[in-house]
Amino acid sequence: MKPHITLVNPAAPAGAVMHWPFALLGLGYLAAVLEKNNYQVDVIDCQVSQLTLEEYKKEIEKRKPDVVGVTSSTLTYKSGLKLIKAAREVQPNIITFAGGPHVTFWDDHALEECPELDIVVRREGEETLLELVQRIEAGKSCKDVLGITFRSEGKIVRNEDRPYIEDLDSLPFPARHLWPMEKFSQYEDVLYLAMTRGCVYWCEFCCTVRMHGRKYRMRSAKNVADELEYLNKTYGKTKFSFCDDAFTVDQPLVEELCSEIKKRGLKIEWNCGSRVDMVTKELLTKMKEAGCVSFWCGLESGTQQMLDAMRKGITPELTMKVLGWVREVGMKPIPNVILGFPGETKKSAWDTIKFVEKIAPDAVGFYNVATPFPGTPLYDNVRANGWLRVTDFDKYDTTRPIFETPQLSIKELGKLREGAFHHYYLRWAYFMDKRRRFKFSTAMVVGVHFVANIKLKLRRN
Ligand code: B12
Ligand code: SF4
């Protein structure tokens, strides 16, 4: 009999700072591949549907899947394990899988910590999950499936990695219809998609290379435009966000996509994220003409010393020049910043904060604190030096300091981050900028950040 599979996105832990929920691409692709192969598949998204554990159990009871597959980031890992245990409680014969960027690098621990977890799927999951389900259907053993970690005779066995999918165009579009799409308008009216997988850089705080490979794999411009057009026509959506790590890695490909968008007359707005060394002013102009409204990038630090420590491979001068172009062509630059990377001092952190304010972006993506996610070189470094202070993954939301170095204590880093936000949004210059002056929205932003900072402080006391 064909197994019925339920894919699950766990809720974020209480108190964690989280992005608005949306139809996750990882689960969406997995579901689409299963559907294409005629399996019955559905999705329980505890974030989107705001389900409690009891409500989730009722959903499992109602759907009666044969297999449950839970995704997780580091932040949702512990909630994910609870859902696996709960599924087994409700349905003792259920087969349980976990996948995603946390368990990929925490596979043995996950199996040790959760006896109810049967198999961890490491790295890219489409082909591995399909093969597992096919084996289950055929009543065959899963022991030699590539890319999994599992228990066998009391031992944990890690099979070899599965090669990456080279032809991304061969994948069906994510099965967004399995989400309650009407609920998303409550949050933000944006659909997410991705054109590439992998990266050739190896920044110390990032796990993309170990997760998706040290090279770029790309969909064709036509395939991406087909998806945009399909989403536009099917759901009437006009706002999109590309969550590629480096959207502009192949500049001719981006140009081709921009031409496709214009040729098809798609009236859409979109944003993307990339590295500042992967754009030209000409490309940004073409992106703007095709509907790109904002450009996210890893500014990371305003000091060369910290950028080098992170192995980011860019300079503050380049960031300043490129963000200037972004503004000149009429797009909004949104830089992400990392405070507290090993080697950071109060001085270098304040140099960064001042740098961010000097280039005065319309919005700072986030002042993250450096967080040692398993699978990153940063994690290995922090562990090797004995700097790790917080091991509760529920706290790994990049707003809370997790480790301390000889240069910066946990308390100092916490204060620096709060100070950075205060400084940024409660600046006279921010408030009086001629684009924002006397605007209700500016008062709202300042007010929201003022209150959020107070809340953050109260929560930490
Ligand atoms: C979009 C995105 C987000 C979105 C959605 C997050 C999500 N859960 O997908 C938002 C904006 C919410 C977000 C927030 C954050 N993110 Co984020 N984000 C991404 C990004 C750029 C793309 C994710 C994506 O769609 N990838 C494409 C799909 C196809 O790949 P995938 O998600 O890995 O899924 C595949 C496999 O993992 C596997 N798989 C996944 N789940 C399952 C389940 C089963 C059962 C199976 C079998 C397989 C399987 O199969 C999938 C298909 O191949 C990634 C970077 C990246 N390139 O992946 C970072 C990334 C996931 N984010 C990261 C981080 C650090 C964060 C934040 C903490 C940052 C912050 N300051 O806020 C927060 C909190 C994360 C959270 N609570 O989930 C890290 C995760 C590190 C970690 N160990 O958790 C990543 C990997 C970035 C990085 N390189 O370091 N993020
Ligand atoms: S941070 Fe961005 S550029 Fe650096 S390795 Fe990760 S994906 Fe690549």
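This is a predicted model: local features need pLDDT of at least 70, side-chain atom pairs count only at pLDDT 80 or more; totals for chains, interfaces and linings use all residues.
## The shell around ligand 1

Let's begin with ligand 1, which has 38 residues around it. The closest of them are G26, G69, T71, G99 and G125. Sorted by class, this shell holds 19 nonpolar, 15 polar and four charged residues.

Several helices and strands each provide at least two shell residues: α1 (25-36), β3 (67-71), β4 (95-99), α5 (126-138), α6 (208-212) and β15 (366-369). Of the contributors, α1 gives the most, with four residues.

Strand β3 deserves a visit of its own, as it supplies at least two residues of the ligand 1 shell. It is mostly covered, with five of its five residues buried. The cover extends to both faces: V67, G69 and T71 are buried on one side, and V68 and V70 are buried on the other.

Which strands pair with β3? Strand β1 (residues 4-9) pairs with β3 in the parallel sense over four bridges, and L7 has G69 of β3 as its bridge partner. With β4 the pairing is also parallel, over five bridges, and there T71 has G99 as its bridge partner. Between β3 and β4 the chain passes through helix α3 (residues 77-90), making a right-handed β-α-β crossover.

## The shell around ligand 2

Now for the second ligand. Ligand 2 is surrounded by C199, Y201, W202, C203, C206, T208, V209, D245, A246, R275 and G298. This shell divides into seven nonpolar, two polar and two charged residues.

## A look at T196

T196 sits in strand β9 (residues 196-197). Is T196 buried or exposed? The cut-off for a buried residue is 20 or more other C-beta atoms within 10 Å. T196 has 22 C-beta neighbours inside 10 Å, so T196 counts as buried.

Leaving aside residues up to four places away in sequence, T196 touches Y216, R217, M218, D244, A246 and V249. One of these contacts, A246, is also part of the surroundings of ligand 2. For a sense of distance, consider C142: C142 and T196 are 54 residues apart along the chain, and their C-alpha atoms are separated by 30 Å.

Definitions and conventions:
Residues are numbered from 1 along each chain as its sequence is written. Chains are lettered from A and ligands numbered from 1 in the order in which they are written. A residue is near a molecule or strand if its C-beta atom, placed from the backbone, lies within 6 Å of it. Ala, Val, Leu, Ile, Met, Phe, Trp, Tyr, Cys and Pro count as nonpolar, Asp, Glu, Lys and Arg as charged, and the others, Gly among them, as polar. A residue is buried if 20 or more other C-beta atoms lie within 10 Å of its own, exposed if 12 or fewer, and partly exposed in between; C-beta atoms are placed from the backbone. Two residues are in contact if their C-beta atoms, placed from the backbone, lie within 7 Å. Two strands pair if DSSP finds at least two bridges between them. A crossover is right-handed if, with the strands pointing away from the viewer, the path from the first strand over the helix to the second runs clockwise.
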